[in-house]
Amino acid sequence: MIPGGGQPNMQQLLQQAQKMQQDLAQAQEELAQTEVDGQAGGGLVTATVTGAGELRALKIDPKAVDPEAASLEETAETLADLVVAAVQAANENAQALQQQKLGPLAQGLGGGGIPGLPF
């Protein structure tokens with residue numbers, strides 16, 4: 001309902017919607033270009049993802065491969081666990097960045113969130 005009982009200005013509403021759409025597209029582009037890291041094992045494994053969640057890089061410190069481990073299987077399992085943990089940490093950081101960039105836009109849409117986005 002419009003305060004004062006007047007009719008909504010449809011042209012103004014359309015302009016606001018178009019601006020919000022442009023702002024959203026710009027924020028999504030910035031997220032796609034921004035990279036964030038996540039680490040595991042005290043920095044032995046570092047995953048880099050974009051703010052949109054795309055894995056861009058994975059660095060494994062040679063110290064993560066223990067030549068004196070009981071077996072190659074144990075070394076591989078430990079390394080896999082570290083990679084998974086690093087990617088999860090990077091994705092958590094990407095989600096925080098998404099919330100920071102897109103959260104205000106979602107609130108501008110009435111605070112109900114945007115379907116398909118995690119807020």
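**Helix H2 and the overall fold**

Asp81 is found in helix H2, which spans residues 72–108. The model described here is predicted. With a relative accessible area of 49%, Asp81 is partly exposed, because this class lies between the limits of 20% for buried and 50% for exposed residues. Asp81 also belongs to a negative surface patch, whose other members are Glu73, Glu74 and Glu77.

Ala94 is likewise located in helix H2. The relative accessibility of Ala94 is 1%, so this residue counts as buried; the cut-off for that class is under 20%. When neighbours within four places in sequence are set aside, the contacts of Ala94 are with Val36, Val49, Thr50, Gly51 and Gly53. For one of these residues, Thr50, the C-alpha to C-alpha distance to Ala94 is 6.7 Å, at a sequence separation of 44 residues.

At the level of the whole protein, two helices and three strands are present. Their order along the sequence follows the pattern α-β-β-β-α. The protein has 119 residues, of which 24% count as buried. Considering contacts between residues at least 6 apart in sequence, 46% join residues at least 24 apart. The accessible surface of the protein amounts to about 8,100 Å², and carbon and sulfur atoms account for 53% of this area.

Terms used
Residues numbered from 1 in each chain as written. Predicted model: local features only at pLDDT ≥ 70, side-chain atom pairs only at ≥ 80, totals over all residues. Heavy atoms only, no water. Patch = residues over 30% accessible without salt bridge, like charges linked within 9 Å, V, L, I, M, F, W, Y side chains within 5 Å. Areas by Shrake-Rupley, 256 points an atom, 1.4 Å probe, with all protein chains shown as cover. Salt bridge = Lys/Arg side-chain N within 4 Å of Asp/Glu carboxyl O. Lys, Arg positive; Asp, Glu negative; His and termini not counted. Charge placed at Lys NZ, Arg CZ, Asp CG, Glu CD. Helix = DSSP H or I, 4+ residues; strand = E, 2+ residues; numbered from the N terminus. Buried < 20%, exposed > 50% of the residue type's maximum accessible area, 1.4 Å probe, protein only. Contact = heavy atoms within 4.5 Å.
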